[in-house]
Amino acid sequence: MTATLNADLAPVQHTGPLPPVPDGAVMVTVNLQRFNPELDDAPHMESYRIPALPTDRILNLLHYIKWYIDGTLAFRRSCAHGICGSDAMRINGRNRLGCKVLVKDLVTAKKTEITIEPIKGLPLEKDLIVDMEPFFDAFRSVKPYLVTHGNEPDREWVQSIEDRERFDDTTKCIMCACCTTSCPVYWSADAYVGPAAIVAAHRFIFDSRDQAAEERLEILSDAEGVWRCRTTFNCTDACPRGIQVTKAIQEVKRALMFRRI
Amino acid sequence: MASPTAIRPSGGKPSPRRGSLYRGAEGMWSWVAHRITGVLTFFFLFAHVLDTALVRVSPESYDKVIETYKNPFVNLLEVGLVGAVLYHAFNGIRIMLIDFWSKGPRYQRQMLWAIVVVWVLVMLPGAYFMLERNIRHIFGGGA
Ligand code: HEM
Ligand code: SF4
Ligand code: SF4
Ligand code: FES
């Protein structure tokens, strides 16, 4: 079995001989959105037919294409284990981490096609790579760090289990942008801070040791803040860490409405 | 020597590829439907304020306009309007529960299915009684 590339003009760069196809591999078709800023006016789709094991991650498919078919393919990844948050992408139309979705999650005996596109709402740089700066700008704008005033305590700063529990969910964020770039409001209103920034703010607003909750609430109550959220739950569905993102946003909204944390 | 490059004539950022839709879950489509029904209701009310205001201008032309509404097509539109307002109202209550009930976000999906079921239960007899007269008229029943 050989991997074939269905596009005539694509710059093929074989990086080495194809590896042996393992037992149990199936042929899958990967429809990939490609864009080379130096050659293309607009992004387009290309299809690759490659062997894959049911237990392969989607990230493995991208590696196969990059290593054995077209070395110019550009995408981000680092840990490959769902920790670093580098490889958010749109897989079959939904934001997921390439390293957390398995081939067997998507491929059935009837359907062997997988579509991979970059995340929406951020400027496209190349192939699956988008400019993350606007996302990080929004993150920074909510003061995502512990703020305290007055003297340092001279012993351990005790926090009850109940107080810790209040923001436990939002500590799990890996800043992958799956949520923010799944948000219909974020696609259309580029100034909306987006769910990830609100998750980061929630993490500190409800931390009993933090003293800047008022400032953060002030930032989030303006026109680009939490009131933009229309509770569509795309963010909650997209979060690879299972964070109840919309719930966190609603808690911030209620904290603002009732001025109570 | 550098590899061959072509400067994109348009420059700047590429326009997104058309037809790349985000496949949101129920929550996204319930919101899309909420906005569509809200806007439709707004346009209906807009037209309705105009035609009702006509009665002060000239009662005769008001009667004439209202007369044009008495046909099966407008009857269908009326059913559509009731369906749209009903969905908007039920889903509006769901959104308020998501906003103010602390367990709302957790049960949003179940609440959506609940309002869809209630909507169907109300619309089935509702549509029947609204359309009854016209159906009998068109298919030439007893009356
Ligand atoms: C039957 C009583 C009604 C209820 C309970 C209701 C409830 C709501 C609620 C809670 C929202 C906020 C949605 C959100 O936060 O995303 C909303 C939005 C909206 N409503 Fe209503 N509404 C009602 C009647 C109407 C009427 C009569 C109109 C038309 C004039 C209308 C037009 C809209 C529009 C255009 C939106 C914006 C939708 C969006 O943000 O996407 N609604 N409604
Ligand atoms: S729940 Fe709010 S923040 Fe999350 S995707 Fe929907 S509109 Fe965006
Ligand atoms: S909240 Fe979830 S989806 Fe959003 S950036 Fe954090 S880990 Fe990613
Ligand atoms: S590569 Fe690190 S999260 Fe997927």
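User: Which residues are around ligand 3, and how many of the shell are charged?
Analyst: This is a predicted model, in which local features need pLDDT of at least 70 and side-chain atom pairs count only at pLDDT 80 or more, while totals for chains, interfaces and linings use all residues. Residues are numbered from 1 along each chain, chains are lettered from A and ligands numbered from 1, each as written, and side-chain values use heavy atoms without hydrogens and water. Residues around ligand 3 (a heavy atom within 4 Å) include A:Cys173, A:Cys176, A:Cys179, A:Cys239 and A:Arg241. By class (Ala, Val, Leu, Ile, Met, Phe, Trp, Tyr, Cys and Pro nonpolar; Asp, Glu, Lys and Arg charged; the others, Gly among them, polar), the shell has 11 nonpolar residues, no polar ones and, as charged, 1.

User: Which elements give two or more residues to the shell around ligand 2?
Analyst: Ligand 2 is surrounded by 13 residues, with A:Cys183, A:Tyr192, A:Cys229, A:Thr232 and A:Cys235 the closest. The shell divides into 8 nonpolar, 4 polar and 1 charged residues. Among helices (DSSP runs of H or I, at least four residues) and strands (E, at least two), the elements asked for belong to chain A: α8 (234-238) and α9 (245-258).

User: Which side chains meet in a salt bridge between chain B and chain A?
Analyst: Contact (heavy atoms within 4.5 Å) involves 29 residues of chain B and 37 residues of chain A. A salt bridge places a side-chain nitrogen of Lys or Arg within 4 Å of a carboxyl oxygen of Asp or Glu, and the count between these chains is 1. At 3.0 Å, N to O, the pair is A:Asp237 and B:Arg109.

User: How many residues apart in sequence are the parts that A:Arg90 and A:Glu117 tie together?
Analyst: The whole structure has 16 salt bridges over all chains. In one of them, the side chains of A:Arg90 and A:Glu117 meet at 3.7 Å, N to O. Because A:Arg90 lies in strand β4 (residues 88-91) of chain A and A:Glu117 in strand β6 (residues 113-117) of chain A, the separation of the parts tied together is 27 residues.
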